[in-house]
Amino acid sequence: MSHALPIQLTQAEQQWLFGLVRSTIERGLKGLPPLAGDELPQAPEGALREHLGAFVTLQLRGKLRGCMGLMRPILPLCQAVAAMARAAAFEDPRFMPLSAAEWPDVDFEISILGPSAPCPGTDRIELGRHGLMLEARGRTAVFLPRVPVEQGWSVRDTLEQLCRKASLPPDAWRDSTAIISWYEASVIHP
């Protein structure tokens, strides 16, 4: 796997995405439906129109408040970020929908994903660099690169936690049918 990060965004492109996250969430807080892809503000030419996976992570006073992502590059980055901002705020099954009272205290970040590939061996995983996706027994779980570092996990702990997140036994990652993929991400935040 090459370790090239996805794209490098200019400051103007980053600011455009930050504004999109804010406006998308504020629209949801008003009870308005999401904008369709062709209704979104016109993204500047270039990187924001490339098809890339993306996650949007919300934190309320330093604690996770929502995180949703699209692993596969099936949408232009601008559309993926808008969809995941709304999903993180209102559809993360771990949390109640975000309230207007919480919104002023929410910080967010956007993770732009590079391509995923089968991990050639768990001994090659670099925590903090590689995000991981486990697919086993019809279930899937994903961790962004920062999660194991924030939790203080070893590679083995991370793989076991991925299994738990997928509602599988902690050693399911060892199954011959389990697929572990890795990827890298560029993280931006206002």
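## Elements and model

Helices (H or I, at least four residues) and strands (E, at least two) are DSSP runs, numbered from the N terminus. That is the sense in which α1 and α2 each supply at least two residues to the lining of the second largest pocket. The structure described here is a predicted model.

Strand β5 covers residues 131-136. Of its 6 residues, 5 are buried, so the strand is largely enclosed by the rest of the structure. Buried here means under 20% relative accessible area.

β5 pairs with two strands, β6 and β7. Strand β6 (residues 139-143) runs antiparallel to β5, and 5 bridges join them. Within this pairing, Leu 134 has Ala 141 of β6 as its bridge partner. The two strands form a hairpin with 2 residues between them. In that turn, Arg 137 has a positive phi of about 50 degrees.

The pairing of β5 with strand β7 (residues 179-183) is also antiparallel, over 5 bridges. Here Glu 135 stands opposite Ile 179 in β7.

## Strand β7

β7 is mostly covered, with 4 of its 5 residues buried. Besides β5, β7 has strand β4 (residues 117-118) as an antiparallel partner, joined by 2 bridges. Pro 118 stands opposite Ser 181 of β7.

## Nonpolar cores

The largest nonpolar core holds 34 residues. Leu 9, Leu 17, Ile 25, Leu 77 and Ile 110 have the most contacts inside it. The elements giving two or more residues to this core are α1 (11-29), β1, α2 (77-90) and β3 (106-113). Of these, α2 gives the most, with 10 residues.

Which residues does Ile 110 contact, leaving aside its neighbours within four places in sequence? Its contacts are Leu 17, Phe 18, Val 21, Phe 55, Val 56, Val 81, Ser 186, Val 187 and Ile 188.

## Thr 57 in β1

Thr 57 sits in strand β1 (residues 53-60). Its relative accessible area is 4%, so it counts as buried. Not counting residues up to four places away in sequence, Thr 57 touches Leu 64, Gly 66, Cys 67, Asp 107, Phe 108, Glu 109 and Leu 144. Leu 64 and Cys 67 turn up again at the largest pocket.

## Largest pocket

The largest pocket has a volume of about 580 Å³. Its lining has 23 residues. Leu 64, Cys 67, Arg 94, Val 142 and Lys 165 lie nearest its centre.

β1, β2 (63-70), β6 and α3 (146-151) are the elements that give two or more residues to this lining. The most come from β2, with 5 residues. By type, the lining of the largest pocket divides into 11 nonpolar, 6 polar and 6 charged residues.

## Second largest pocket

The second largest pocket has a volume of about 200 Å³. It is lined by 15 residues, and Thr 24, Pro 34, Leu 35, Leu 40 and Ala 82 lie nearest its centre. Helices α1 and α2 each supply at least two residues of this lining. The lining of the second largest pocket divides into 9 nonpolar, 4 polar and 2 charged residues.

Technical notes. Residues are numbered from 1 along each chain as its sequence is written. This is a predicted model: local features need pLDDT of at least 70, side-chain atom pairs count only at pLDDT 80 or more; totals for chains, interfaces and linings use all residues. Side-chain values use heavy atoms; hydrogens and water are left out. Buried means under 20% relative accessible area, exposed over 50%, partly exposed in between (1.4 Å probe, protein chains only). Two strands pair if DSSP finds at least two bridges between them. Contact means heavy atoms within 4.5 Å. A nonpolar core is a set of buried Ala, Val, Leu, Ile, Met, Phe, Trp, Tyr and Cys residues joined through side-chain atoms within 4.5 Å. On a 1 Å grid over the protein atoms alone, a cavity is a set of points where a 1.4 Å probe fits but cannot get out, and a pocket is an open set with protein on both sides within 12 Å along at least five of seven lines; lining residues have an atom within 4 Å of a point. Grid points are joined across faces, edges and corners, and a volume is the space filled by probe spheres set on the points. Ala, Val, Leu, Ile, Met, Phe, Trp, Tyr, Cys and Pro count as nonpolar, Asp, Glu, Lys and Arg as charged, and the others, Gly among them, as polar.
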